[in-house]
Amino acid sequence: MCFSVVGALMAIFMAILCLVLVFCFGFVILRWNEVRYMMKGLPPGTMGWPVFGETTEFLKQGPNFMKIHRARYGSFFKSHILGCPTIVSMDPELNRYILMNEAKGLVPGYPQSMLDILGKCNIAAVHGSTHKYMRGALLSIISPALIRDQLLPKIDEFMKTHLSDWDNKVINIQDKTKEMAFLSSLKQIAGMESSSISQPFMTEFFKLVLGTLSLPIDFPGTNYSRGLQARNNIISILNELLEERRASQDTHLDMLGCLMGRDENRYKLSHEEIIDLIITIIYSGYETVSTTSMMAVKYLYDHPKVLDEIRKEHFAIRDRKKPEDPIDCNDLKSMRFTRAVIFETSRLATIVNGVLRKTTHDMELNGYLIPKGWRIYVYTREINYDPFLYHDPLTFNPWRWLGNSLESHSHFLIFGGGTRQCPGKELGIAEISTFLHYFVTRYRWEEVGGDELMKFPRVEAPNGLHIRVSSYSN
Ligand code: HEM
């Protein structure tokens with residue numbers, strides 16, 4: 001009796017064991033990928049405090065946060081910053097791989113607030129064929145031929161006016177370059193930098209920018225909520241503009257004219273897509289162009305020899321022209337030293353620290369498991385200070401860009417890389433070069449002094465960067 005109970009219990013136990021084994025075996029077979037990843041494990045690093053992760057340390061320590069973590073965990077580590085589990089990649093080869101392989105599930109990973117406020121058709125929010133189409137539409141309105149024939153004349157006209165009355169004034173160059181980047185875009189988009197709607201548009205746009213950099217808490221008074229409201233107000237302004245254009249028979253030689261020109265442009269965008277593309281164009285060029293221009297002014301002031309050299313280049317252009325002649329494409333091509341100053345400024349100031357991606361599914365990267373939905377911070381800052389690429393990397397030396405192929409080097413990521421490489425690179429360079437042309441040929445300047453400059457997480461002067469400007473000819 002006793003034996004038969006024990007026997008029965010043994011049989012039940014064996015049956016359960018078999019079931020568990022079959023279940024485990026089935027799980028291993030069916031979920032092989034997950035099992036493989038579990039065995040591989042996540043990259044080294046720490047997730048920090050619950051909810052906050054390592055955000056405070058990241059913001060407080062700045063670039064040192066990355067250096068300390070790299071010394072501890074290597075150049076590929078996990079963390080938890082700005083509300084998301086994040087992998088930081090500082091390895092140049094891996095960074096290139098990530099940027100080149102969006103099709104393998106490494107898509108843009110920009111914060112929710114940015115996506116909500118810039119709209120669901122904005123380029124960073126779309127992938128695959130939709131991205132290709134939207135990008136094609138953008139490239140079609142900023143092609144080299146259109147820059148030459150339509151955009152550069154507008155940029156030139158705008159810069160001439162924007163820089164017309166700075167003599168004998170103390171200028172906050174940070175504010176002036178921000179206005180410059182916004183209004184110059186508006187002129188190229190719709191030829192309306194000085195119309196009655198440009199000022200209200202600019203006020204709303206500045207609120208929109210703050211909203212994209214905030215936590216997505218939709219509560220009255222938060223930057224996010226103000227950003228969403230600003231988006232709605234901008235949409236109303238643009239709706240009116242588009243309606244006016246549709247009702248008129250006039251031909252407009254600007255970006256909007258190209259986008260709305262039904263017959264000529266092979267990219268047919270919906271009303272909503274046009275609006276989101278316009279917001280994308282203004283937004284993408286705004287901070288990059290304005291901050292690079294401000295920092296170029298700063299570096300030129302700090303390096304008189306560079307200022308002499310760039311002035312020589314621009315006065316040589318003026319010598320070939322009548323006083324009122326605009327800058328044209330040949331002039332732009334001849335600005336080799338100016339281009340070098342722009343690259344050296346972007347490198348040394350690191351205007352863009354890196355770009356964000358996220359995984360669309362669990363994947364293996366660098367021998368580790370990266371779970372679905374994790375953010376990857378492709379951190380490109382360190383490569384800008386690599387002594388093997390840039391001799392004496394902490395020195396501002398634009399000459400390093402002349403006569404060698406640094407611009408086409410595979411680690412040149414100032415404008416990003418892969419399928420998302422900046423489509424506005426040449427347009428941005430044209431804007432900054434034209435700004436510098438009128439600035440250095442018309443004025444001399446000195447810093448008022450005492451202004452603080454922050455380099456991380458964004459390059460900015462919290463209280464402005466003030467310069468005393470006087471006419472160069474005095
Ligand atoms: C000095 C000026 C500029 C710098 C340093 C710069 C830098 C960058 C970088 C690093 C990226 C890659 C972002 C990523 O991979 O996620 C990018 C993308 C982009 N840039 Fe620029 N940019 C500049 C000017 C402009 C201008 C003037 C425009 C206006 C047309 C523009 C439009 C864009 C757009 C639309 C994208 C997204 C492209 C895509 O996702 O396919 N940029 N830019």
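Lys-176 lies in helix 9, which spans residues 173-190; helices (H or I, at least four residues) and strands (E, at least two) are DSSP runs numbered from the N terminus. The structure is a predicted model, in which local features need pLDDT of at least 70 and side-chain atom pairs count only at pLDDT 80 or more, whereas totals for chains, interfaces and linings use all residues. Residues are numbered from 1 along each chain as its sequence is written. Lys-176 counts as buried because 23 C-beta neighbours are found inside 10 Å; a residue is buried if 20 or more other C-beta atoms lie within 10 Å of its own, exposed if 12 or fewer, and partly exposed in between, with C-beta atoms placed from the backbone. The C-alpha atom of Lys-176 is separated by 18 Å from that of Met-192, 16 residues apart along the chain.

An open sheet is formed by five strands in the order 1-2-8-5-3, with mixed pairing; two strands pair if DSSP finds at least two bridges between them. Strand 1 (76-81) and strand 3 (106-108) are the edge strands, each pairing on one side only. On average, neighbouring strands of this sheet are turned by 35° against each other, direction ignored. Helix 4 (residues 63-73) packs on the sheet and touches strand 1, strand 2 (84-89) and strand 8, its direction making about 135° with that of strand 1. Axes are lines fitted to C-alpha atoms, for helices over the stretch in contact, and angles run from 0 to 180 degrees between N-to-C directions. Strand 3 and strand 5 (residues 354-359) run antiparallel and are joined by three bridges; Leu-106 has Thr-359 in strand 5 as its bridge partner.

The largest nonpolar core has 79 residues, of which Ile-278, Ile-282 and Ala-296 touch the most other members. Helix 13 (residues 271-302) gives the most to this core, with 14 residues. A second, separate core of 17 residues includes Met-66, Leu-106, Val-355 and Trp-374. Such a core is a set of buried Ala, Val, Leu, Ile, Met, Phe, Trp, Tyr and Cys residues joined through C-beta atoms within 7 Å.

The UniProt record, an unreviewed entry, places the feature "binding site" at Cys-422; UniProt positions follow the numbering used here, feature names are shortened, and annotations may be inferred rather than shown by experiment. Cys-422 is located in the loop between strand 8 (375-379) and helix 17 (425-442). With 16 other C-beta atoms within 10 Å, Cys-422 is partly exposed. Apart from neighbours within four places in sequence, Cys-422 is in contact (C-beta atoms, placed from the backbone, within 7 Å) with Phe-415 and Gly-416.

Technical notes
Two residues are in contact if their C-beta atoms, placed from the backbone, lie within 7 Å.
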